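Here are my notes for you on this model. Keep the 3D view open while you read, and go through the points one at a time.

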Amino acid sequence: MTTGHVFIATSLDGFIARRDDDLDWLMKHSTEGEDHGFVAMMASVDGLIMGKGTFQQVLSFEQGWPYEKPVVVMSRSLREKDIPDHLSGRVRLSDATPKVLMNQLNTEGWNRAYVDGEKVIQSFLAEGLIEDILLTRIPILIGEGLSLFGPVPHDIDLEHLETQSFPSGMVSSKYRVIREL
Ligand SMILES: NC(=O)c1ccc[n+]([C@@H]2O[C@H](COP(=O)([O-])OP(=O)(O)OC[C@H]3O[C@@H](n4cnc5c(N)ncnc54)[C@H](OP(=O)(O)O)[C@@H]3O)[C@@H](O)[C@H]2O)c1
């Protein structure tokens, strides 16, 4: 089965974006010379799975589309016409459930998927489809916004694997999700 992997940044109070999706607080600190593991993460996966909200946010980035690997956008409302022409063949839509999608990707040869987006991460976690989480905390409190972790159907135990701090004040921690056998 394809495994899901999360690589994400939150404010110290646990938000991944402001309520209006603004990420200004995320870009505030100089991180020159710091390696937070993004390149290694991208090299380790066969592609990305993201929610509609994250897809729309990434589309608005001034620097353009940042991913070389294939991207699956989970959405029940988007249609093919909503995918810009320049991303044709690189981005596809899926309205499958998380488990069905992971099975499909498995048959296509995906071993590891980068899972991104608030709601999509929460639903993959709830279904036991996430193997590990690399969480980078930004030294800022923003008070309110989109919370990375929401309600869970049951406790999800995590094993702390490592923590690294950076001159910028960012702190990255890696956790493995402990699955019940
Ligand atoms: N700080 C960071 O590192 C970071 C990383 C990623 C994203 N973000 C931010 O997070 C925000 C996007 O989050 P979001 O709340 O919009 O969540 P999201 O997970 O990106 O998108 C959620 C949408 O995906 C669709 N979807 C389809 N299947 C789903 C499923 N099984 N479970 C959940 N959603 C499913 C739904 O849209 P339909 O109605 O079309 O089905 C749902 O509304 C953006 O502001 C983005 O910038 C921040």
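Predicted model: local features only at pLDDT ≥ 70, side-chain atom pairs only at ≥ 80, totals over all residues.

1. First, a term you'll need: a polar contact is a pair of N or O atoms within 3.5 Å. Hold on to that cut-off for the ligand, where an N or O atom in the side chain of Ser75 sits 2.5 Å from an oxygen atom of the ligand.

2. How much of its accessible area does the protein cover? On its own the ligand has 920 Å² of accessible area, and the protein covers 86% of that. The space taken by the ligand is also the largest pocket. Two or more residues of the shell come from each of these elements: β1 (3-11), β2 (15-17), α2 and α4 (118-126).

3. Now look at who the neighbours are. The ligand is surrounded by 24 residues, and the closest are Asp21, Thr54, Ser75, Ser77 and Glu118. From Asp21, a polar side-chain atom lies 2.6 Å from an oxygen atom of the ligand. Lys52 does things with its backbone: a polar backbone atom there is 3.1 Å from an oxygen atom of the ligand.

4. You'll find Asp21 in the loop between β2 and α1. Its phi is near 75°, which is a positive value in a residue other than glycine. Is Asp21 buried, exposed or partly exposed? With a relative accessible area of 35%, Asp21 is partly exposed.

5. Thr31 is in that loop between β2 and α1 too. Thr31 has a relative accessible area of 29%, so we call it partly exposed.

6. Next, helix α4. Its buried residues are Glu118, Val120, Ile121, Gln122, Phe124 and Leu125. Here's a handy bit of background: an α-helix has 3.6 residues a turn, so residues three or four places apart point the same way. Just after α4 comes Gly128, with a positive phi of about 70°.

7. On to the aromatic rings. The count is four aromatic pairs. Why is the pair of Phe55 and Trp65 edge-to-face? Their ring centres are 5.9 Å apart and their planes are at 75°, so the pair gets that label. Phe55 belongs to helix α2 (residues 52-59) and Trp65 to the loop between α2 and β4 (71-74), so the pair ties together parts ten residues apart in sequence. Both Phe55 and Trp65 are buried. Elsewhere, ring pairs join Phe7, Phe38 and Tyr114 into a cluster.

8. Ser173 is in strand β10 (residues 171-177). It has 1% relative accessibility, so Ser173 counts as buried. Its side chain makes a polar contact with the side chain of Arg137, at 2.6 Å. Then there's Asn103, in helix α3 (residues 98-107), which is partly exposed with a relative accessible area of 40%. Asn103 and Thr2 are 101 residues apart in sequence, yet C-alpha to C-alpha they are 7.1 Å apart in space.

Conventions. Residues numbered from 1 in each chain as written. Heavy atoms only, no water. Phe/Tyr/Trp six-rings, centres within 6.5 Å; stacked < 30°, edge-to-face > 60°. Helix = DSSP H or I, 4+ residues; strand = E, 2+ residues; numbered from the N terminus. Buried < 20%, exposed > 50% of the residue type's maximum accessible area, 1.4 Å probe, protein only. Near = heavy atom within 4 Å. Polar contact = N/O pair within 3.5 Å; in protein donor to acceptor, adjacent residues only side chain to side chain. Areas by Shrake-Rupley, 256 points an atom, 1.4 Å probe, with all protein chains shown as cover. 1 Å grid on protein atoms, 1.4 Å probe; cavity = no way out; pocket = protein on both sides within 12 Å on 5 of 7 lines; lining within 4 Å. Sits in = over half its atoms within 2 Å of the grid points.
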